[in-house]
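I opened the file and went through it one place at a time. These are my notes.

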Amino acid sequence: MSFDIACKLVRNAGIAMILASAAFLSACQVRPLYSESSGVVEKLSSVGFSEATSRVEQQVRNRLIFLASRGAGEAVNPQYRVEIRAASAVADTLLAKSGDTSKAGRVTVNVIYTLRAVADSHIIKAGSRQATALVDFSEQEFAKQRAIRDAENRAADQAAEFVGADIAAALSR
């Protein structure tokens, strides 16, 4: 008899847990970031970006313009403005035993950004993102410099992806 009561209690508790979790999940407002109903695509297409002062900054800026406008180019009359500052750093990671030369390294690109509304200069979002790309160093100096440049481009593109996602999330609110 007590076994039947325990089974009923467990079954009722299980049903109550299912109903509570269903009620909790029904309040969830998950939707795609770039859905038509959110209006993010239109807002992103009206974002302008600050001029670049370095090659790495230009790489980040170009990627952000492409991501924001879906390849259509920078907005003519932007409603939002993003100030970008980007810098890269190269670090050796694997020193050769025979000498003081490095065989591999990593390139880190750090991007600091501020998203503002053009109308009132109100700061909507500010932050920083960084990305790292690994690189193998050649014995030849030109090949080494080119490998570093390619790694900077990869890291800059990845950092721009992070910043673009932050901007899209901020504009979706």
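**Entry 1: Val118.** I looked up Val118 and found a relative accessible area of 42%, so Val118 is partly exposed. The model is predicted. I placed Val118 in the loop between β3 and β4. I then listed contacts of Val118, skipping residues up to four places away in sequence: Pro78, Gln79, Tyr80 and Arg81.

**Entry 2: Ser121.** I stayed in the loop between β3 and β4, where Ser121 sits.

**Entry 3: Lys43.** I moved to helix α2, which holds Lys43. Its relative accessibility is 26%, so Lys43 counts as partly exposed. I left aside neighbours within four places in sequence and found Lys43 in contact with Tyr80, Leu171 and Arg173. Tyr80 had already come up in my list for Val118. I took one C-alpha distance here: Lys43 and Pro78 are 9.3 Å apart in space and 35 residues apart in sequence.

**Entry 4: Gly48.** I turned to strand β1 and picked Gly48. Is Gly48 buried or exposed? I read 0% relative accessibility, so Gly48 counts as buried. I listed what Gly48 touches, not counting residues up to four places away: Glu74, Pro78, Tyr80, Arg81 and Val82. I checked Leu64 too, which is 16 residues from Gly48 in sequence and 9.7 Å away, C-alpha to C-alpha.

**Entry 5: the whole chain.** I stepped back and counted 4 helices and 4 strands. I wrote down their order from the N terminus: α-α-β-α-β-β-β-α. The chain has 173 residues, and 32% of them count as buried. I asked how the contacts split by separation. Among contacts with a separation of 6 or more, 63% join residues 24 or more positions apart.

**Entry 6: the largest nonpolar core.** I found 34 residues in the largest nonpolar core. Which members touch the most others? I got Phe49, Val60, Val82, Val111 and Ile167. I then listed the elements that give two or more residues to this core: α2 (40-44), β1 (47-49), α3, β2 (80-95), β3 (102-117), β4 (123-136) and α4. I noted that α4 gives the most, with 12 residues.

**Entry 7: Val111.** I followed up one of those core members. I set aside neighbours within four places in sequence and read off the contacts of Val111: Val60, Ile84, Arg85, Ala86, Gly127, Ser128, Arg129, Ala159 and Val163. Val60 is also on the list of core residues that touch the most other members.

**Entry 8: α3 against α4.** I noted first that two packed helices are described by the angle between their axes and the distance between the axes. I took helix α3 as residues 55-69 and helix α4 as residues 141-171. Their axes come within 8 Å and cross at roughly 45°. I therefore logged α3 and α4 as oblique to each other. I logged the crossing as right-handed.

I then listed the residues that meet. From α3 I have Arg55, Val56, Gln59, Val60, Arg63, Leu64 and Leu67. From α4 I have Arg149, Glu152, Asn153, Ala156, Asp157, Ala160, Glu161, Val163 and Gly164. I sorted this contact by class and got 7 nonpolar, 3 polar and 6 charged residues.

Technical notes: Residues are numbered from 1 along each chain as its sequence is written. This is a predicted model: local features need pLDDT of at least 70, side-chain atom pairs count only at pLDDT 80 or more; totals for chains, interfaces and linings use all residues. Side-chain values use heavy atoms; hydrogens and water are left out. Axes are lines fitted to C-alpha atoms, for helices over the stretch in contact, and angles run from 0 to 180 degrees between N-to-C directions. Angles under 35 degrees count as roughly parallel, over 145 as roughly antiparallel, 65 to 115 as roughly perpendicular and the rest as oblique. A crossing is left-handed if the near helix is turned anticlockwise from the far one by less than a right angle, and right-handed if clockwise. Contact means heavy atoms within 4.5 Å. Ala, Val, Leu, Ile, Met, Phe, Trp, Tyr, Cys and Pro count as nonpolar, Asp, Glu, Lys and Arg as charged, and the others, Gly among them, as polar. A nonpolar core is a set of buried Ala, Val, Leu, Ile, Met, Phe, Trp, Tyr and Cys residues joined through side-chain atoms within 4.5 Å. Buried means under 20% relative accessible area, exposed over 50%, partly exposed in between (1.4 Å probe, protein chains only).
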